[in-house]
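Hello,

Here is the structure I promised to pass on to you. Have a look at it first, and then read my notes below.

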Amino acid sequence: MTETKTKLESGFTFYFRITDKKLQGGKNDYQDSVKKMAEFSTVEDFWKIFQHIKKPESLKSGIEIQLFKNPIKPMWEDESNKDGGRLSIRIKKDYSSLVWEELVLDMLSGSFPKTVKEQLNGIVLSIRGAFNCIQIWFKNFKEPHISELEKCIKETLQIPEGIEIDTKPFFKK
């Protein structure tokens, strides 16, 4: 009997990166430090992979987990990122797993509004010292895309008014 799998709107790839120079043996080349973990294009394959990825609270400082739509690479120079930017949120370590999982599932499920969903390229979870950081990478650093994305992320994560989200372009225009 053949197993029927639930296809996602897009394929995705998980990447892993060590940002701490001591953990990488003193090297600091971004492209060499990004390692592909796994690709998937179905819900079932996602869960087979995701259940084995460590939760943020069990990762050491200096580690990044990246999830990007295929064929987009987690690099500013990628054609899909070159005119875009990133939205960054500092998160208390206690909430990192919840926020990370919420964003990953929302990105995969397509639950974001179409105009936001079309702009999303990937999500990066950076394990840091006192806080963790989540970045949402998007393709077009122009209004109204930026405002719509910020509003959608604040609503999705229930971020209270007054808490700023840092939004920056990858390259100055």
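To begin with a term you will need: helices (H or I, at least four residues) and strands (E, at least two) are DSSP runs, numbered from the N terminus. This is a predicted model, in which local features need pLDDT of at least 70 and side-chain atom pairs count only at pLDDT 80 or more, while totals for chains, interfaces and linings use all residues. Residues are numbered from 1 along each chain as its sequence is written, and side-chain values use heavy atoms, with hydrogens and water left out.

Let's start with the sheet. Seven strands make an open sheet, in the order S2-S1-S3-S5-S6-S4-S7, and they pair in antiparallel fashion; two strands pair if DSSP finds at least two bridges between them. Strand S2 (34–42) and strand S7 (166–169) each have a single partner strand, so one side of each has no neighbour in the sheet. S1 (residues 7–18) is joined to S2 by seven bridges, and Lys-7 has Thr-42 as its bridge partner in S2.

Next, the helices. Helix H2 (residues 43–50) lies across S1 and S2, at about 145 degrees to S2. (Axes are lines fitted to C-alpha atoms, for helices over the stretch in contact, and angles run from 0 to 180 degrees between N-to-C directions. Contact means heavy atoms within 4.5 Å.) The axes of H2 and H3 come within 12 Å and cross at roughly 160 degrees. These two helices are therefore roughly antiparallel, a label for angles over 145 degrees. Where do H2 and H3 meet? Phe-46, Trp-47 and Phe-50 in H2 meet Trp-100, Glu-101, Val-104, Leu-105 and Leu-108 in H3.

Now the inside. A nonpolar core is a set of buried Ala, Val, Leu, Ile, Met, Phe, Trp, Tyr and Cys residues joined through side-chain atoms within 4.5 Å, where buried means under 20% relative accessible area (1.4 Å probe, protein chains only). The largest one has 38 residues, and Phe-14, Phe-40, Ile-89, Trp-100, Leu-103 and Ile-153 have the most contacts inside it. Helix H3 (residues 93–109) gives the most to this core, with six residues. Another core, of eight residues, lies apart from it and includes Tyr-15 and Phe-170.

Leu-120 is buried, with a relative accessible area of 3%. Leu-120 and Phe-138 are 18 residues apart in sequence, yet 4.5 Å apart in space, C-alpha to C-alpha.

Enjoy exploring!

Conventions
Buried < 20%, exposed > 50% of the residue type's maximum accessible area, 1.4 Å probe, protein only. Parallel < 35°, antiparallel > 145°, perpendicular 65-115°, else oblique.
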